[in-house]
Amino acid sequence: MTLDLTADQRLFQQTTREFLAETVPVATVRALSEAESGFGRDWWRSATELGWTAMLVAEEYGGGSIAGRPLTELSLVAGELGRACAPGPFVTTNAVLSGLASGGAGFGDTISGITAGELIASWAVYEPGRGMDVITALAGGDDAGATVRAVPEGDGYRLSGTKDRVESGDQADLFLVTAAGPDGPVQLVVPADAAGVTVTPTWTLDLVRRTARIDFDQVAVPAAAVAHTGSAAAAAIRTQLHTAAVLTASEVVGATDKAVDATLGWLADRFTFGRPLASYQALKHRMADNKTWLEACRATAGAAAAACDDDPATADEAVSVAKSYVGAKAPVIGQDCVQLHGGIGVTWEHDLHLYLRRIGLGRALYGTPEEHRRRITDLLVASA
């Protein structure tokens with residue numbers, strides 16, 4: 001993992017933090033929770049100018065990383081988004097870009113549009129009633145009973161079925177749909193306004209992270225919109241899962257870090273019996289444990305990003321270790337922070353619940369701790 005950042009990486013992180021503090025302070029996040037959309041498209045275009053969508057994209061399409069460590073650098077952004085409880089399609093957009101990057105020159109205009117923030121893309125991979133099992137199965141080349149089917153028609157496909165938990169699906173211009181084809185998985189680029197596509201907004205625990213249910217009713221997909229088929233599709237799905245899982249874990253670490261900082265400040269400022277709460281040994285021990293677990297979360301998330309940058313082909317275990325550990329420990333830390341705040345910690349007016357919500361959603365998306373532990377077990381069995 002990266003123990004020290006370069007000067008350019010530190011500047012990138014600081015610029016991101018300042019941008020978020022200026023454009024989406026907590027008051028704005030609360031206001032957005034009442035809005036029809038969780039973020040503004042103009043705001044997202046401004047965010048992409050900072051390089052949030054550029055790291056996984058070739059320079060010819062407007063991309064390029066800072067120091068050749070794209071996922072590590074994207075993780076810096078994810079951490080700041082978590083600290084700010086900020087909105088936006090950051091994770092799902094970069095998951096799409098990581099898949100389209102290997103889709104050939106035919107998607108150059110699409111990639112450039114997404115990178116510039118002119119197009120919002122979302123990865124449609126989850127299916128109703130299914131967890132990460134359908135993702136890992138398709139990444140292994142097995143349809144595993146996937147209900148979204150792509151039936152060949154001419155040079156293209158006819159797409160039918162339902163996807164849910166599609167991040168920012170209500171604002172997406174296009175979807176990268178992962179489906180089961182006759183000869184293994186396929187990935188198709190489908191415009192949100194295509195005939196037969198129905199988008200139904202859904203809500204999440206997080207106040208500004210929206211999802212959607214997408215119904216595909218015999219949607220015609222031309223050959224030019226086919227991103228991957230067969231083994232190439234399986235490899236792309238695996239890369240997309242790694243990208244989404246690592247960035248989600250990093251975002252959860254950022255939210256947890258902010259909750260811990262707020263709690264340390266509260267313990268130092270709040271007096272009882274003439275002494276600050278931070279002076280009581282029992283509370284010191286609890287915060288010491290929380291801080292230790294937080295640093296372990298940060299280390300595992302950083303190690304997963306580094307593994308993907310170093311050798312994506314061998315990153316499976318590191319990614320699942322990070323997502324399972326962060327998903328297990330971060331909610332415990334967050335809940336303890338609420339308890340240490342006392343009664344004020346459970347009020348709507350206090351900001352702590354915003355971070356707890358981000359932690360809870362991040363725990364569930366792209367694999368729960370239990371699902372990733374099963375994945376680790378499968379990897380160990382396969383390598384035995």
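Strands here are DSSP runs of E with at least two residues, helices are runs of H or I with at least four residues, and both are numbered from the N terminus. Please keep in mind that this is a predicted model, in which local features need pLDDT of at least 70, side-chain atom pairs count only at pLDDT 80 or more, and totals for chains, interfaces and linings use all residues. Residues are numbered from 1 along each chain as its sequence is written, and side-chain values use heavy atoms, with hydrogens and water left out.

**Two helices**

Next, find helix α9 (residues 281-310) and helix α10 (residues 316-340), which pack at an angle of about 155° with their axes 9 Å apart. Because angles over 145 degrees count as roughly antiparallel, α9 is roughly antiparallel to α10. Axes are lines fitted to C-alpha atoms, for helices over the stretch in contact, and angles run from 0 to 180 degrees between N-to-C directions. The crossing of α9 past α10 is left-handed, meaning that the near helix is turned anticlockwise from the far one by less than a right angle. Their contact has 20 nonpolar, three polar and three charged residues. Here Ala, Val, Leu, Ile, Met, Phe, Trp, Tyr, Cys and Pro count as nonpolar, Asp, Glu, Lys and Arg as charged, and the others, Gly among them, as polar.

On a 1 Å grid over the protein atoms alone, a cavity is a set of points where a 1.4 Å probe fits but cannot get out, while a pocket is an open set with protein on both sides within 12 Å along at least five of seven lines; lining residues have an atom within 4 Å of a point. Grid points are joined across faces, edges and corners, and a volume is the space filled by probe spheres set on the points.

The second largest pocket has a volume of about 310 Å³. Among its 13 lining residues, Met-132, Thr-136, Arg-375, Asp-378 and Leu-379 are the closest to its centre. Helix α12 gives the largest share of this lining, five residues. By class, the lining has four nonpolar, two polar and seven charged residues.

How many cavities of 30 Å³ or more does a search of the whole structure find? There are three. The largest cavity holds about 40 Å³ of space, and its lining includes Gly-38, Phe-39 and Arg-210.

Technical notes:
Angles under 35 degrees count as roughly parallel, over 145 as roughly antiparallel, 65 to 115 as roughly perpendicular and the rest as oblique.
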